[in-house]
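Here are my notes on the model, as promised. Have a look at it first, then read on.

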Protein chains: 2
Amino acid sequence: MAVEGLSINLATVREQYNMREAVEACLKQGITAIAPWRDQVHAIGLDEAARIVADNRLRVTGLCRGGMFPADADGRAAAIDDNKRAIDEAAALNADCLVLVVGGLPPGSRDIHRAREMVAEGIEAILPHARAAGIPLAIEPLHPMYAADRACVNTLEQALDICDLLGDGIGVAIDVYHVWWDPELEDQIARAGTSNRILAHHICDWLVPTRDLLLDRGMMGDGVIDLKRIRKAIEKAGYFGAQEVEIFSAQNWWKRPGHEVLSTCIERFRTVC
Amino acid sequence: MAVEGLSINLATVREQYNMREAVEACLKQGITAIAPWRDQVHAIGLDEAARIVADNRLRVTGLCRGGMFPADADGRAAAIDDNKRAIDEAAALNADCLVLVVGGLPPGSRDIHRAREMVAEGIEAILPHARAAGIPLAIEPLHPMYAADRACVNTLEQALDICDLLGDGIGVAIDVYHVWWDPELEDQIARAGTSNRILAHHICDWLVPTRDLLLDRGMMGDGVIDLKRIRKAIEKAGYFGAQEVEIFSAQNWWKRPGHEVLSTCIERFRTVC
């Protein structure tokens, strides 16, 4: 029986499975939507990955990830080239979008204002390629604790401001982990709906205590995020796409059998999301 | 020779010194402004702490901390009582303000909206006592990574909205560690200046990588925060009070000799702040 409305970001089982194995395990439990990471695609080859997607009629709710724009001039040029390749890969996989983790401060820099400009410039540079390929770009605002080293776009408002600046073919990936705390969240979700900018909806949970800045995300229901409230706000804004589970969990979920992780995702998706 | 414009939050040397020893070590290096924590005051007794402050003509740039309002009904009543005692202690120490770390979600709750209401209600309940005592209340917005367990007020904008709601006798403590990432930071600092709400300016630095959510703050200059830019924005907003160094550093600064920590604070204050 198919599990409607649930997608598995393959980072969630990256320690257990390669992409081929992950798809097999998902299908066995009725999950027909996935979001792979580029390293997972590269590990089995883009052609093979595309064949797996097509043969199994998988929905690819996003390819992770492009971005990482702030750098010196050479680094920025290299990032733009790499992002164009990522767009081509997303197209080959028939993905709903390319997720952008935009990047933090260049090494040695303390200038977050300039880093943010570099992000907008970088996205502007790849946008024509994305439009031509029919791949929407999804800016994922990351939690402020990643502002220095992963993404200097840290609120939905900031991401939507960039979208408004750049026009069509670009939107946002709303990951509850990054935005649940934001006092402006519901207003900005509504704004994103009005301008048709919601491209993805990622779920997991915020654990108390959180023991690691990067690799201690929780399974839905094990933390403090009001997932249903956020889901309803996103639906009210007109987005009814899949909820994509993305959990980085070095000490817990990455150590469990993959089938157990997937069945838990399904159960929690049905009960707390 | 006195070090003008520098205050030491005594948490910075809490593993090395009690309050009496910390004051002695500060004075030896010409530092005449401090901000103690309540547990440090209690450890030597409020009368003795007040005597040390008065005898040495210390400037007390803040008492840490009141707050922690969200709870069940009994817990909220207890928090209000405790905050009133904190106000009395701040008055006895002739402190510039009582710093409020407002609290996160009550145990078992996922309702951050209600927690935020509880914060405003709690502050409203203690404000008459604070006004009568002549102690301004300084809401300290905490970094969003503490939204669940320490403070559900996470931006300067949010803190200033509460101030505007409640009127006189209340303002903000701006700690660069918590707000440096905020795209609205400079606008909100300007707003805080216009309404005369800036009560304290805390400094330290954001390390890359950050290894612990709570106890891995950096010494000024060792991280990525543009301290001078923020200081200038705060001065432009009309605040010229001391910069108060507050560093929680379990693996580094708390393990070094206290005099070395203090001399490093002075040197960095003079060169990078």
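How many residues does the contact take from chain B and from chain A?

1. It takes 23 residues from each: 23 from chain B and 23 from chain A, with contact meaning C-beta atoms, placed from the backbone, within 7 Å. On the side of chain B that touches chain A, 14 are nonpolar, five polar and four charged (Ala, Val, Leu, Ile, Met, Phe, Trp, Tyr, Cys and Pro count as nonpolar, Asp, Glu, Lys and Arg as charged, the others, Gly among them, as polar).

2. Bear in mind that this is a predicted model, where local features need pLDDT of at least 70, side-chain atom pairs count only at pLDDT 80 or more, and totals for chains, interfaces and linings use all residues. Residues are numbered from 1 along each chain as its sequence is written, while chains are lettered from A and ligands numbered from 1 in the order in which they are written.

3. Chain B goes onto chain A by a rotation of 180° with 0.0 Å of shift along the axis, at RMSD 0.0 Å (least squares on C-alpha atoms of residues with pLDDT of at least 70 in both). The two copies are therefore related as by a two-fold rotation axis. Also, 100% of the interface residues of chain B are interface residues in chain A too, so the copies meet through the same surface.

4. Now for a helix. In α8 of chain A (residues 185–194), A:L185, A:Q188, A:I189 and A:A192 are buried (20 or more other C-beta atoms within 10 Å of the residue's own, these atoms being placed from the backbone; helices are DSSP runs of H or I, at least four residues). Down the axis of α8(A), the buried residues fall within an arc of 105°, so they line one face of the helix; the arc is that of the directions from the helix axis to the C-beta atoms.

Technical notes: Buried ≥ 20, exposed ≤ 12 C-beta atoms within 10 Å, placed from the backbone. Helix = DSSP H or I, 4+ residues; strand = E, 2+ residues; numbered from the N terminus. Contact = placed C-beta atoms within 7 Å.
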